[in-house]
Amino acid sequence: MNQGKKPDEIYCQSCGNLISEKAVMCPKCGFMAKSIPRTVTIGDRINPMAIISLITGIVSLPCGWLWGAGIVFAIPAIILGILDLRNINKCKSSSRGKGFDIAGIVCGGLSIFSFIIVIVLFLIGISSGY
Ligand SMILES: [Zn+2]
């Protein structure tokens, strides 16, 4: 048993062929012996959703007083921020983006809040007859 197997050799998980331990791919069947760990790439990178959430959140703030322009940016900022926070909880995206998401949600929320104030002031203005 295992007579042909050297210490630095492993069996291919696909076809059982003996391959070098260092081999990335089985030369016989092409099976990827070493699957590149995905957690490394996910763990390091900030999800683009977090960055977009932050940018749209910040942009929405100065636009908040311009008749609803802030809403266009605030809504995606909040939605993307929440989606990315959910991905972080599921370990699907990097926790490094968490601050981005929260900042995006807070900025977006402030913009919507200021938008509501503008609408209320507008309605008060109409009812006052100005
Ligand atoms: Zn193989």
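At what angle do helix 3 and helix 4 pack, and how far apart are their axes? In this predicted model, in which local features need a pLDDT of at least 70 and side-chain atom pairs count only at pLDDT 80 or more, totals for chains, interfaces and linings use all residues. Residues are numbered from 1 along each chain as its sequence is written.

Helix 3 (residues 69-89) packs against helix 4 (residues 98-127) at an angle of about 150°, and the two axes lie 8 Å apart; axes are lines fitted to C-alpha atoms over the stretch in contact, with angles from 0 to 180 degrees between N-to-C directions. Helices are DSSP runs of H or I of at least four residues, numbered from the N terminus. The residues that meet (C-beta atoms, placed from the backbone, within 7 Å) include G70, I71 and A74 in helix 3 and K98, D101 and G104 in helix 4. This contact comprises 12 nonpolar, 7 polar and 3 charged residues, where Ala, Val, Leu, Ile, Met, Phe, Trp, Tyr, Cys and Pro count as nonpolar, Asp, Glu, Lys and Arg as charged, and the others, Gly among them, as polar.

I88, which belongs to helix 3, counts as partly exposed because 18 C-beta neighbours lie inside 10 Å, the limits being 20 or more for buried and 12 or fewer for exposed. Leaving aside neighbours within four places in sequence, I88 contacts S93, S95, G97 and K98.

The pLDDT, the predictor's confidence in each residue from 0 to 100, averages 83 over the protein chain, and 84% of the residues score at least 70. Confidence is highest in helix 3, at a mean of 92, and lowest in helix 1 (residues 38-44), at 52.

Note on methods:
Helix = DSSP H or I, 4+ residues; strand = E, 2+ residues; numbered from the N terminus. Contact = placed C-beta atoms within 7 Å.
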